[in-house]
Amino acid sequence: MENEPPISTAVLSSTNEPSPSQCPACHVMIRPSDYFCFNCGKEIQEKPRVTSLLTQIVLYIGCLLLPPLGIIWGVRYLRYKGRQSKIIGIIAIVLTIISLVVSIVIAKNFFDNLSKAVNEQYSKQLGF
Ligand SMILES: [Zn+2]
């Protein structure tokens with residue numbers, strides 16, 4: 001059983017699923033879901049970031065207040081491993097887009113009203 005052909009690392013790295021069930025350092029059998037080898041402590045896979053609720057709220061508020069930055073933050077979270085990070089990234093990007101659309105609409109309304117007011121002022125003055 002020791003002459004098992006080695007699993008191609010190219011195949012392993014191309015799949016998202018953590019398939020190595022053997023520690024690359026000490027070759028002890030490990031669970032694919034482990035983040036660290038229980039025997040030697042080697043990192044098996046990147047631990048998904050756990051983001052606290054407070055951090056998420058700050059992030060979402062940041063996305064709403066600073067729309068262009070929110071896209072960068074969202075993409076950064078999308079790159080992190082773990083389901084939670086991906087969801088946070090998607091929410092951040094969606095919030096950023098909503099915020100952008102809302103601010104464009106508000107700005108458009110503001111300038112429409114402003115130019116209307118200016119035009120009224122002008123026509124009043126011209127009327128005299
Ligand atoms: Zn190990």
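Predicted model: local features only at pLDDT ≥ 70, side-chain atom pairs only at ≥ 80, totals over all residues.

Residues are numbered from 1 along each chain as its sequence is written.

**The chain as a whole**

The secondary structure comes to four helices and zero strands, and along the sequence the pattern reads α-α-α-α. Here helices (H or I, at least four residues) and strands (E, at least two) are DSSP runs, numbered from the N terminus. Of the 128 residues in the chain, 8% count as buried; a residue is buried if 20 or more other C-beta atoms lie within 10 Å of its own, exposed if 12 or fewer, and partly exposed in between, with C-beta atoms placed from the backbone. Among contacts between residues at least 6 apart in sequence, 36% join residues at least 24 apart, where two residues are in contact if their C-beta atoms lie within 7 Å.

Helix 3 covers residues 67-79, and its 13 residues reach 19 Å from the first C-alpha to the last, close to the 18 Å expected at 1.5 Å a residue, the expected span being 1.5 Å times one less than the number of residues. Which residues of helix 3 are buried? They are G70, G74 and Y77. Seen down the helix axis, these buried residues fall within an arc of 65 degrees, so they line one face of helix 3; the arc is that of the directions from the helix axis to the C-beta atoms. The face turned away from this buried side carries the exposed residues P68, V75 and R79.

**How helix 2 meets helix 3**

Two packed helices are described by the angle between their axes and the distance between the axes. Helix 2 (residues 53-65) packs with helix 3 at an angle of about 140 degrees, and their axes are 6 Å apart. That makes helix 2 oblique to helix 3, since angles under 35 degrees count as roughly parallel, over 145 as roughly antiparallel, 65 to 115 as roughly perpendicular and the rest as oblique. In this contact L59, G62 and C63 of helix 2 meet L69, G70 and W73 of helix 3.

**Single residues**

P32 is placed in the loop between helix 1 (9-14) and helix 2, and P32 is exposed, with 12 other C-beta atoms within 10 Å. The loop between helix 1 and helix 2 also holds K47, which counts as exposed with 11 C-beta neighbours inside 10 Å. H27 lies in the loop between helix 1 and helix 2 as well; H27 has a positive phi of about 60 degrees although it is not a glycine. G89, by contrast, lies in helix 4 (residues 83-127) and counts as partly exposed, with 19 C-beta neighbours inside 10 Å. Leaving aside neighbours within four places in sequence, G89 is in contact with G74, V75, Y77 and L78.

The table lists C-alpha separations for some of these residues.

| Pair | Apart along the chain | C-alpha separation |
|---|---|---|
| P32 and Q45 | 13 residues | 8.9 Å |
| G89 and I72 | 17 residues | 9.4 Å |
| K47 and K81 | 34 residues | 7.4 Å |

Terms used
Axes fitted to C-alpha atoms, helices over the stretch in contact; angles between N-to-C directions.
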